[in-house]
Amino acid sequence: MTTTVDTSFTEPAPTPLALLLLGREADPNSERGVECPGELPPASDPDLVERARAAKAALGDRVFILGHHYQRDEVIEFADVTGDSFKLARDAAARPEAEYIVFCGVHFMAESADILTTDAQQVVLPDLAAGCSMADMATAEQVAECWDVLRDAGIADVTVPVSYMNSSADIKAFTGKHGGTICTSSNAKRALEWAFEQGEKVLFLPDQHLGRNTAVRDMGYSLDDCVLYNPHKPNGGLTVEELRAAKMILWRGHCSVHGRFTVDSVAEVRERIPGVTVLVHPECRHEVVAAADRVGSTEYIIKALEAAEPGSAWAIGTELNLVRRLAKAHPDKEIVFLDRSVCFCSTMNRIDLPHLVWALESLVEGRVPNVITVDPETEKYAKAALDRMLALP
């Protein structure tokens with residue numbers, strides 16, 4: 001008996017938000033930042049592709065283009081390297097001969113690249129409106145106020161901050177100044193193990209889900225060991241007793257993409273595709289992670305699908321651009337998006353081909369647009385936190 005596998009990728013149903021992200025609708029209230037000057041053709045126009053090729057060729061080794069996994073295909077086509085945020089920042093640091101680092105990602109990623117590259121290099125973000133909703137959920141002022149709350153509760157001296165890479169340079173600097181470390185979704189467990197060797201408690205910023213999932217799923221802590229600090233409530237919405245009893249003080253932040261996935265999404269895909277393996281990112285909610293078969297970072301997801309058996313079926317809980325690209329790369333497997341609704345990273349998708357062409361052509365003309373610069377004091381402490389992560393065993 002021969003079994004056939006349907007390897008076609010079914011696009012999730014378009015929603016008004018998705019149409020906006022795809023450029024088919026406009027919302028003047030949300031489209032903030034630097035606009036491309038002049039009238040650039042649509043991203044799919046062959047002339048725009050040729051202009052990107054010509055500008056990149058004219059710049060040669062002077063430019064190094066980084067493409068995050070969540071970028072659209074039309075941008076990834078021109079990336080010299082692809083990867084997650086920290087890998088890309090390290091790749092940029094390994095290319096000191098490149099005068100310009102064009103980061104096709106979001107703002108905090110470009111900041112990390114500026115911290116790790118030389119003073120002679122300039123980091124360019126093609127659209128300044130490409131931010132990160134998660135990173136924006138923790139400001140320097142809010143975190144300083146939180147630390148005062150911990151100090152008043154008598155636990156600041158035994159609390160070690162651990163900040164996710166998806167945070168602003170200011171938050172990384174706070175972490176470095178207070179003896180903490182940065183983590184990625186790949187090494188969060190190692191970072192937390194290190195932190196608990198330094199102190200009794202961890203303040204985890206800014207993604208509550210990665211912190212909770214790592215502590216509970218990977219390290220054996222209970223949900224009762226975790227409390228949620230809400231920066232919009234007095235004392236974070238917590239009592240002194242709750243803070244003193246907690247092992248993990250989680251910041252009330254989340255990824256707007258991964259936070260969309262639900263247990264219902266998991267149940268629906270299991271009913272629709274018998275034998276499917278559900279693989280999700282650790283930024284998903286705890287109940288989704290608990291219901292999944294496998295959990296891992298973006299790089300883990302990519303490697304898992306590369307190693308998967310032909311004919312196997314997978315439902316992936318992460319950003320749609322990446323899932324769609326993986327489905328195209330592995331036609332011998334059935335790879336579907338975990339949710340039926342479109343789930344692009346809205347801010348990541350602001351880096352489109354028109355903005356990239358504008359940035360590259362500006363560099364050709366001798367103008368350096370949208371330079372991302374971290375001030376020396378912030379850079380000093382942020383780099384200290386990053387260096388602690390690099391020194392983890």
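**Figure 1. Glu361 and its salt-bridge partner Arg51.** In this predicted model, Glu361 is partly exposed, with a relative accessible area of 22%.

**Figure 2. Asp73 meets Lys328 in a salt bridge.** Here the N to O distance is 3.5 Å. The pair links distant parts of the chain, 255 residues apart: Asp73 sits in helix α3 (residues 73-76) and Lys328 in helix α14 (residues 320-329). Look at how open each residue is: Asp73 is partly exposed, with a relative accessible area of 32%, whereas Lys328 is exposed, with 58%.

**Figure 3. A salt bridge between Arg95 and Glu97.** In this view, the closest N and O atoms of Arg95 and Glu97 are 2.7 Å apart. Arg95 counts as partly exposed, at 24% relative accessibility. Glu97 also counts as partly exposed, at 46%.

**Figure 4. Glu50, Arg53 and Glu77 in a network.** Salt bridges link Glu50, Arg53 and Glu77 into a network. To place these views in the whole, keep in mind that the structure holds 17 salt bridges.

Notes:
Residues numbered from 1 in each chain as written. Predicted model: local features only at pLDDT ≥ 70, side-chain atom pairs only at ≥ 80, totals over all residues. Heavy atoms only, no water. Salt bridge = Lys/Arg side-chain N within 4 Å of Asp/Glu carboxyl O. Buried < 20%, exposed > 50% of the residue type's maximum accessible area, 1.4 Å probe, protein only. Helix = DSSP H or I, 4+ residues; strand = E, 2+ residues; numbered from the N terminus.
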